[in-house]
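User: Hi! I am new to protein models and would like to learn how to read one. Could you take me through it step by step?

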Amino acid sequence: MPFKLQSLPYPTDALEPYIDSQTMQIHHDFHHGSYVNNLNKYPELQNRSLDDLIRNLNSLPGEIRTAIRNHGGGHFNHSIFWTIMYPNAGGEPTGEIVTVIDEVFGNFENFKTQFNDTGAKHFGSGFVWLVRTADGKFEIVSLPNQDCPWSDGHYPILCNDVWEHAYYLTYQNRRPEYLKQWWNTVNWDAVNERYAISQRLS
Ligand code: MN3
């Protein structure tokens, strides 16, 4: 089985009080875990990397494209999501991403407002993303379910999971409050690593 559920890079209670321990455990072990298990039901794909599958989703045969979109996307998206959070993180952004935030969005407060509004207005399940588009622009977008911007050539730099399973135990229906508090977990070092990779793309 080449696709593996990596352990969380911190204990399940490490992001409290912003994300509770039980949510992290269920979200990682069962939600993310089931995406990995379902992805491994396609042995013919196990010689390809997850990045390759997601990047080239639209060239997969139709009968498996939907499964890879959902389960491969679920594995890919959550693998990013866990790494861009960290205990005792958050606060003002640091590093080169500050330049993007200031030049494209004006300042960090405007950036957060636009990101949170996009997440709050997203209908149903999905993720909100900061991406470097295929033509080199920086945009905030939301996509449904486990769809990933990388399938359209847009490199994911930062994302937040707005599925109810990500916040319901602590925040119930108050998604905007979750979006606001989530910034206390953002690992700017990891965001800057993803930004640096995005700059090396053609
Ligand atoms: Mn999720």
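Analyst: Happy to! Let us begin with a term: two strands count as a pair if DSSP finds at least two bridges between them. Keep in mind that this is a predicted model.

User: Which strands form the sheet, and in what order?

Analyst: First the general idea: strands of a sheet pair through backbone hydrogen bonds, in either a parallel or an antiparallel way. Here, 3 strands make an open sheet, ordered β2-β1-β3, with antiparallel pairing. The edge strands, β2 (138–144) and β3 (155–161), each pair on one side only. From one strand to the next, the twist averages 25°.

User: How many bridges join β1 and β3?

Analyst: Strand β1 (residues 126–132) pairs with β3 over 6 bridges, in the antiparallel sense. You can find some of the partners yourself: tryptophan 129 is bridged to cysteine 159 of β3, and arginine 132 to tyrosine 155 of β3.

User: And how many bridges join β1 and β2?

Analyst: β1 and β2 are antiparallel too, and they pair over 7 bridges. One to look for links valine 128 with serine 142 of β2. The hairpin of these two strands has 5 residues between them, and glycine 136 there takes a positive phi near 85°.

User: Is β1 mostly covered or mostly open?

Analyst: Mostly covered: 7 of its 7 residues are buried. Gly126, Val128, Leu130 and Arg132 point one way from β1, while Phe127, Trp129 and Val131 point the other way. Helix α4 (residues 97–105) lies across β1, β2 and β3, and α4 runs at about 90° to β2.

User: What should I look at when helices pack, and at what angle do α5 and α7 pack?

Analyst: Two packed helices are described by the angle between their axes and the distance between the axes. For helix α5 (residues 108–121) and helix α7 (residues 175–182), the angle is about 150° and the axes are 9 Å apart. The crossing is right-handed. On the α5 side, the contact is made by Phe115, Asn116, Gly119 and Ala120, and on the α7 side by Arg175, Pro176, Leu179, Lys180 and Trp182. By type, the residues of this contact divide into 5 nonpolar, 2 polar and 2 charged.

User: Which backbone features are worth checking?

Analyst: Most residues other than glycine have a negative phi, and most peptide bonds are trans.

User: Where is a peptide bond that is cis?

Analyst: The bond from glutamate 16 to proline 17 is cis, with omega near 5°. Proline 17 sits in the segment before α1 (21–39).

User: Which residues other than glycine have a positive phi?

Analyst: Asparagine 88 is one of them, with phi near 50°. Its place is the loop between α3 (62–83) and α4, and at 83% relative accessibility asparagine 88 counts as exposed. Another is glutamine 172, with a positive phi of about 50°. Glutamine 172 is in the loop between α6 (168–171) and α7, and at 31% relative accessibility glutamine 172 is partly exposed.

Technical notes: Residues are numbered from 1 along each chain as its sequence is written. This is a predicted model: local features need pLDDT of at least 70, side-chain atom pairs count only at pLDDT 80 or more; totals for chains, interfaces and linings use all residues. Side-chain values use heavy atoms; hydrogens and water are left out. Axes are lines fitted to C-alpha atoms, for helices over the stretch in contact, and angles run from 0 to 180 degrees between N-to-C directions. Helices (H or I, at least four residues) and strands (E, at least two) are DSSP runs, numbered from the N terminus. A crossing is left-handed if the near helix is turned anticlockwise from the far one by less than a right angle, and right-handed if clockwise. Contact means heavy atoms within 4.5 Å. Ala, Val, Leu, Ile, Met, Phe, Trp, Tyr, Cys and Pro count as nonpolar, Asp, Glu, Lys and Arg as charged, and the others, Gly among them, as polar. Buried means under 20% relative accessible area, exposed over 50%, partly exposed in between (1.4 Å probe, protein chains only).
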